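Hello,

Here is the structure I promised to pass on. Please open it first, then read the notes below.

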Amino acid sequence: MLVREYQISDCKEITKLFYNTVHTVNAKDYTKEQLDVWATRQVDLEKWNQSLQEHCSIVAVDNEIIVGFGDIDKDGYLDRLFVHADYQGKGIATAVCNQLEQAVKGDITTHASITAKPFFEKRGYKIVKK
């Protein structure tokens with residue numbers, strides 16, 4: 001697995017990974033209606049690309065397939081961290097998160113899903129507000 005910086009050419013594949021991961025991995029913790037609001041089929045690629053370029057954005061690639069990605073802003077807000085549904089539990093989120101955490105100084109915050117909460121708690125993140 002290769003962990004590298006985001007490239008503009010990654011955007012479309014990343015948005016597909018995001019949609020599919022939310023609608024499969026997170027489906028055990030959320031209703032269909034919640035999933036549809038969280039990850040819609042209508043994606044603004046320009047907006048996603050701009051956001052990913054403005055943040056420190058990391059992509060994990062295995063055999064030329066993007067299997068995970070994440071991004072963090074300069075203030076330490078970890079915005080997104082998603083792993084392809086077929087690659088869960090293989091250390092991809094850990095590898096991406098390690099890179100993201102090293103990119104900023106100071107405290108890191110995130111709004112973790114119910115599904116991701118145990119991952120972040122194992123890393124020492126504390127719940128500030130439910």
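Let me start with the second largest pocket, which holds about 570 Å³ of space. Keep in mind that this is a predicted model. Of the 19 residues lining this pocket, Thr110, Ala112, Ile127, Val128 and Lys129 are the closest to its centre. Two elements give two or more residues to the lining: strand 5 (109-110) and helix 5. Helix 5 supplies the largest share, four residues. By class, the lining of the second largest pocket has nine nonpolar, five polar and five charged residues.

Now the largest pocket. About 670 Å³ of space lies in it. Its lining counts 30 residues, and Leu81, Phe82, Ala93, Ala116 and Phe119 lie nearest the centre. Strand 4 (77-83), helix 4 (92-102) and helix 5 (117-122) each give two or more residues to this lining. Strand 4 gives the most, with seven residues. The lining of the largest pocket divides into 15 nonpolar, ten polar and five charged residues.

Last, a helix pair. Helix 1 (residues 11-24) packs with helix 3 (residues 45-54) at an angle of about 100°, and their axes are 10 Å apart. Angles of 65 to 115 degrees count as roughly perpendicular, so helix 1 is roughly perpendicular to helix 3. Which residues meet there? From helix 1 come Cys11, Lys12, Ile14, Thr15 and Phe18. From helix 3 come Leu45, Trp48, Asn49 and Leu52. By class, this contact has six nonpolar, two polar and one charged residues.

Best wishes

Notes
Residues numbered from 1 in each chain as written. Predicted model: local features only at pLDDT ≥ 70, side-chain atom pairs only at ≥ 80, totals over all residues. Heavy atoms only, no water. Axes fitted to C-alpha atoms, helices over the stretch in contact; angles between N-to-C directions. Parallel < 35°, antiparallel > 145°, perpendicular 65-115°, else oblique. Contact = heavy atoms within 4.5 Å. Nonpolar A, V, L, I, M, F, W, Y, C, P; charged D, E, K, R; others polar. 1 Å grid on protein atoms, 1.4 Å probe; cavity = no way out; pocket = protein on both sides within 12 Å on 5 of 7 lines; lining within 4 Å. Points joined across faces, edges and corners; volume = space filled by probe spheres on them.
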